[in-house]
Amino acid sequence: MKKIKAVICLTLCFIISCGEKEKEPWVLTEADKQSIEKAKRDIPLTLANEGWEAYTKAFTNDYQNWPMLSDGIRERDDFFPLVKDWYEAGNRAIGSQVETIGFITVAPRKVLYLHKQTEVFKYVDCSDTVSRDIRFVTLFEKEGEDWKVRFTAFMDEPR
């Protein structure tokens with residue numbers, strides 16, 4: 001499993017770093033790290049508390065994700081309708097915590113954020129709350145002053 005994760009990270013780093021070169025060096029600051037942590041923690045709650053439009057603004061227009069136990073990458077236009085249907089059915093996140101594993105700068109204003117995330121949900125068809133412990137590799141890209149999610153690879157913690 002560690003080998004697979006290392007290959008994924010190295011591949012993403014290579015792909016992302018091949019494109020951009022800047023004249024001045026770019027440094028990930030502590031404020032950037034805090035903004036990324038807050039953004040990732042708040043995304044599920046943004047959907048629950050602020051609604052669909054606010055939620056979609058947390059992602060780049062070319063957002064993609066890979067549920068690591070599947071064989072394919074989903075494009076934004078494939079993934080967002082699934083989330084919207086889930087949300088419109090009345091399901092909500094009611095809790096979210098992140099535990100940072102690390103930050104890897106892969107290009108100016110592009111950072112891989114490795115973290116564990118616990119999300120707590122209230123589903124319309126279940127009287128109890130449901131908690132998911134998820135492992136993420138998230139590519140954040142800074143657009144203006146905001147950090148937005150460009151890519152996520154994720155899987156539930158093995159039990």
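This is a predicted model: local features need pLDDT of at least 70, side-chain atom pairs count only at pLDDT 80 or more; totals for chains, interfaces and linings use all residues.

1. At 54% relative accessibility, Glu88 counts as exposed (over 50% relative accessible area, with buried under 20% and partly exposed in between, for a 1.4 Å probe and protein chains only). Its salt-bridge partner is Lys84, with the closest N and O atoms 4.0 Å apart, where a salt bridge is a side-chain nitrogen of Lys or Arg within 4 Å of a carboxyl oxygen of Asp or Glu.

2. Residues are numbered from 1 along each chain as its sequence is written, and side-chain values use heavy atoms, leaving out hydrogens and water.

3. In H4, a DSSP run of H or I with at least four residues, the buried residues are Arg76, Phe79, Phe80, Val83 and Tyr87. They cover an arc of only 95 degrees around the axis, which puts them on the same side of H4, the arc being that of the directions from the helix axis to the C-beta atoms. On the other side, Asp77, Asp85 and Glu88 are exposed.

4. Asp62 and Arg150 form a salt bridge at 3.4 Å, N to O. This pair links distant parts of the chain, 88 residues apart, with Asp62 in strand E1 and Arg150 in strand E6 (strands being DSSP runs of E with at least two residues).
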